[in-house]
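Me: I would like to learn how to read a model of protein with DNA. Can we go through it feature by feature?

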2 protein chains.
Amino acid sequence: MAAKGTRPRTRIQQKNTSAILDAALDVFSANGFRGATVDQIAKAAGLSKPNLLYYFPSKEAMHQTLLAGLLDTWLAPLRALDPEGDPVEEILSYAGRKLEMSREMPRESRLFANEVLQGAPNLEGVLKAHLKPLVDEKAAVIAGWSADGRLAPLHPYHLIFSIWALTQHYADFDVQVRTVLPEIEAGDPFPEASRHIETMFRKMLEPGG
Amino acid sequence: MAAKGTRPRTRIQQKNTSAILDAALDVFSANGFRGATVDQIAKAAGLSKPNLLYYFPSKEAMHQTLLAGLLDTWLAPLRALDPEGDPVEEILSYAGRKLEMSREMPRESRLFANEVLQGAPNLEGVLKAHLKPLVDEKAAVIAGWSADGRLAPLHPYHLIFSIWALTQHYADFDVQVRTVLPEIEAGDPFPEASRHIETMFRKMLEPGG
DNA sequence: CGTCTTCCTGACCATTTGGTCAAACAACAA
DNA sequence: TTGTTGTTTGACCAAATGGTCAGGAAGACG
């Protein structure tokens with residue numbers, strides 16, 4: 001019997017579970033949970049459907065495994081925000097890392113977006129337990145910077161939302177962005193997006209004014 | 001036979017089609033196209049499933065009717081951006097109207113978000129035909145303002161993306177926003193969001209600096 | 001009233017889909 | 001080789017789901 005619920009042991013388990021999860025990420029992020037079928041995932045993974053269900057007890061289990069595994073990665077940039085660093089540069093580089101993730105991991109971004117859009121049925125608990133405390137902590141840091149006059153006085157929570165919104169937009173609304181952008185830039189919107197976001201935030205974060 | 005494909009004629013048709021579309025908006029926006037079932041929509045509309053399919057030939061027809069009907073409303077704020085107005089105030093009030101729409105029409109926002117997230121299979125044509133030209137036009141206006149020194153030099157397309165991202169975030173990621181925000185504000189995030197967005201944009205739009 | 005059209009529904013159907021299972025097959029140790 | 005454990009699949013199933021249809025109910029109209 002496969003080691004369900006625990007980490008894979010054998011080579012084959014290692015290889016297959018990761019193939020399945022990669023395929024599942026493809027399919028879930030492109031179609032949402034209900035829009036994805038086990039057959040699609042199986043085909044994308046190059047395995048048979050019963051074989052997937054040998055490694056994961058259900059479609060939902062694949063989904064939850066993905067979400068759970070991704071959260072750490074997803075929050076890493078915010079975790080890295082250093083209270084000892086320079087305020088403006090810290091926030092700027094947070095936004096930069098986040099944008100980079102939108103570029104490098106668009107599937108993950110869309111997976112989360114799909115989930116949150118539909119009310120986060122499988123995520124709300126985790127959000128309360130992990131996301132909220134982390135944001136509280138970093139919002140306090142930001143509020144401190146503002147209070148010390150090292151940062152423009154901005155609402156810390158909404159500032160964080162702004163960063164999320166702006167950066168994830170390029171992954172989640174990719175089709176729209178590319179449709180609207182003039183041909184040249186639509187090939188890769190990220191360089192310009194990066195410059196734009198940096199310009200914007202620099203202006204609004206600088207304490208003087 | 002019902003007047004399929006054209007506007008409703010009789011009272012009953014009027015009443016039922018709008019009840020169906022309203023219910024469909026509820027269900028599609030909350031579950032995505034594939035996640036929504038005709039039964040759910042029927043129940044929400046207070047009609048029987050065959051009755052829905054008397055007014056609309058298919059589930060997909062309901063979806064497309066919604067999308068088509070919504071695009072105008074959705075783009076209205078951008079259309080209203082007045083080339084003759086004061087640059088900063090025009091953009092600010094565009095963002096304000098857009099945020100208001102996120103508050104008043106979150107279902108519509110989520111419907112579009114769902115659609116675009118999944119590659120806009122039923123929308124890409126319309127985006128090319130209507131959204132792109134409009135954005136091109138308004139981006140040119142903004143570029144003109146910047147060139148005249150009446151607005152900070154910002155990338156006009158990415159500026160528009162910023163407004164979309166920031167405002168729609170509050171509708172599309174509602175659950176996340178409310179989970180993260182301190183209790184008091186989570187009751188209604190919009191007043192603070194509005195202030196935050198205005199502060200931000202004012203700083204970055206003003207030409208001096 | 002009678003007739004014609006619109007509106008509505010219970011019963012039904014075909015397909016899709018998540019999931020099961022017995023049995024075949026591979027890996028490997030003794 | 002033989003037994004044991006881990007891996008794979010074809011065939012199958014029950015439920016869900018989009019959609020159909022024949023016929024009944026309700027208006028509209030002369």
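Predicted model: local features only at pLDDT ≥ 70, side-chain atom pairs only at ≥ 80, totals over all residues.

Me: How many helices and strands does chain A have?

Reply: Helices (H or I, at least four residues) and strands (E, at least two) are DSSP runs, numbered from the N terminus. Chain A has 11 helices and zero strands. Along the sequence the pattern reads α-α-α-α-α-α-α-α-α-α-α. Along the principal axes, the C-alpha atoms of chain A fill a box of roughly 65 × 40 × 30 Å.

Me: What share of chain A is buried?

Reply: Buried means under 20% relative accessible area, exposed over 50%, and partly exposed in between, with a 1.4 Å probe and protein chains only. By that rule, 53% of the 209 residues of chain A count as buried. Accessible areas come from the Shrake-Rupley method with a 1.4 Å probe; for residues, only the protein chains shown count as cover. The accessible surface of chain A is about 9100 Å², and carbon and sulfur atoms hold 53% of that area.

Me: What do contacts say about chain A?

Reply: Contact means heavy atoms within 4.5 Å. Take the contacts in chain A with a separation of 6 or more: 67% of them join residues 24 or more positions apart.

Me: How do I check a helix for length, say α5 of chain B?

Reply: The expected span is 1.5 Å times one less than the number of residues. Helix α5 of chain B covers residues 87-104, 18 residues in total, so it should span 26 Å; its end C-alpha atoms are 26 Å apart, which agrees.

Me: Which residues of α5(B) are buried, and which helices do they pack against?

Reply: An α-helix has 3.6 residues a turn, so residues three or four places apart point the same way. In α5(B), the buried residues include B:I91, B:Y94, B:A95, B:K98, B:L99 and B:S102. The buried residues of α5(B) pack against α4 (59-79), α6 (106-117), α7 (124-147), α8 and α11 (190-205) of chain B.

Me: Is B:H158 buried or exposed?

Reply: B:H158 sits in helix α8 (residues 156-172) of chain B. Its relative accessible area is 0%, so B:H158 is buried. Residues up to four places away aside, B:H158 touches A:Y170, A:L181, A:E185, A:P189, A:E192, A:A193 and A:H196.

Me: Where does A:P83 lie?

Reply: A:P83 is in the loop between α4 (59-79) and α5 (87-104) of chain A. At 38% relative accessibility, A:P83 counts as partly exposed. Beyond its neighbours within four places in sequence, A:P83 contacts A:V141 and A:W145. A:H63 is 20 residues from A:P83 in sequence and 34 Å from it in space, C-alpha to C-alpha.

Me: What is the phi of A:A120?

Reply: Phi of A:A120 is near 55°, a positive value in a residue other than glycine. A:A120 lies in the loop between α6 (106-117) and α7 (124-147) of chain A, and A:A120 is buried, with 0% relative accessible area. In chain B, B:A120 has a positive phi of about 55°. B:A120 lies in the loop between α6 and α7 of chain B.

Me: Which residues come nearest to DNA strand C?

Reply: A residue is near a strand if one of its heavy atoms lies within 4 Å of it. Of the 19 residues around DNA strand C, A:K59, B:T10, B:Q13, B:N16 and B:Y55 come nearest.

Me: Which polar contacts reach DNA strand D?

Reply: A polar contact is a pair of N or O atoms within 3.5 Å; within protein, one must be able to donate a hydrogen and the other to accept it, and residues adjacent in sequence count only if both atoms are side-chain atoms. A side-chain N or O atom of A:Q13 is 2.7 Å from a phosphate oxygen of DNA strand D. For the side chain of A:Y55, the distance to a phosphate oxygen of DNA strand D is 2.6 Å. A polar side-chain atom of B:K49 lies 3.1 Å from a base nitrogen of DNA strand D.

Terms used:
Residues numbered from 1 in each chain as written. Chains lettered and ligands numbered in written order. Heavy atoms only, no water.
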